[in-house]
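Got your viewer open and a selection tool handy? Load the model below and we'll hop from stop to stop.

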Amino acid sequence: MQAYSSAFARIYNERWVEHARHVAPILRAFYESTALGAENRHLLDLCCGTGQLAVHFLEHGYTVTGFDFSEPMLRYACKNAAPYVAGGQARFVQGDASDFALDERYGLVVSTFDVLNHLPDEAALRACFACVYRVLEPGGVLVLADSIQLADSPQFSVAMENFRRAFHEPYYPDYIRDDIDARLSAAGFQGITAESHFMARVWAAQKTP
Ligand SMILES: C[S@@+](CC[C@H](N)C(=O)[O-])C[C@H]1O[C@@H](n2cnc3c(N)ncnc32)[C@H](O)[C@@H]1O
């Protein structure tokens with residue numbers, strides 16, 4: 001977590017805009033094609049980083065809670081979404097994704113770009129999914145975009161091994177072998193789907209309506 005320092009946050013904020021611009025409209029279109037997504041406009045961006053993705057949803061009429069551990073990342077998020085924070089459509093909350101409770105309920109929870117594999121161990125991941133399930137409205141949708149795993153992308157095993165060496169992410173070696181579908185199912189989610197896109201794996205799952 002130390003990695004998300006002020007210097008890193010500044011660079012992340014400058015360099016990671018294109019990713020959010022590309023991914024956010026795809027996520028929004030997917031969510032709005034679901035039964036609840038046709039009317040509910042409440043988003044929780046879990047591990048929101050500098051809030052680039054959140055801004056897209058705010059621009060499209062959503063109310064957004066951004067949640068993250070890193071104060072420097074959250075400072076940029078507040079700045080990027082400043083008019084919406086001032087207008088009450090956005091708030092940014094500091095906390096641990098594996099141990100949180102929020103008073104609102106959300107139609108959509110997203111967690112994008114290598115978040116799960118930052119968690120320290122399996123217990124933290126289990127706890128994270130339980131927290132997410134609690135804050136979703138019935139019929140609400142969770143979308144996770146994270147690293148590929150060995151079972152779905154064995155051709156990238158060397159890249160995954162190099163990633164593990166280059167970045168200090170304690171859970172990553174277990175994450176790439178983990179059965180995330182089974183974990184989502186154990187947390188109560190249904191309609192679980194997963195697809196790999198180059199180095200990313202994207203899961204969607206729904207809370208029982
Ligand atoms: C690679 S960044 C992704 C940021 C953002 N989701 C995006 O798509 O650009 C990972 C983020 O996860 C946050 N994070 C990592 N572990 C966390 C935890 N246990 N609780 C809350 N935030 C966490 C970091 O502070 C960082 O902002």
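## Into the core

Start by selecting Val 132, which touches Leu 46, Val 109 and Leu 142, leaving aside residues up to four places away in sequence (contact here is C-beta atoms, placed from the backbone, within 7 Å). Before going on, note that this is a predicted model, where local features need pLDDT of at least 70, side-chain atom pairs count only at pLDDT 80 or more, and totals for chains, interfaces and linings use all residues. Residues are numbered from 1 along each chain as its sequence is written.

Now widen the selection to the largest nonpolar core: it has 58 residues, and Leu 46, Ala 54, Leu 58, Val 109 and Val 132 touch the most other members. (Such a core joins buried Ala, Val, Leu, Ile, Met, Phe, Trp, Tyr and Cys through C-beta atoms within 7 Å; buried takes 20 or more other C-beta atoms within 10 Å of a residue's own, exposed 12 or fewer, partly exposed in between.) Helix α6, residues 122-135, gives the most to this core, with six residues. (Helices are DSSP runs of H or I, at least four residues, and strands runs of E, at least two, numbered from the N terminus.)

Next, pick α3, residues 52-59: six of its eight residues are buried, namely Gln 52, Leu 53, Ala 54, Val 55, Phe 57 and Leu 58. Just after α3, click Gly 61 for a positive phi of about 85 degrees.

## Out to a loop

Jump to Ala 151, in the loop between β5 (136-147) and α7 (157-166).

Methods:
Contact = placed C-beta atoms within 7 Å.
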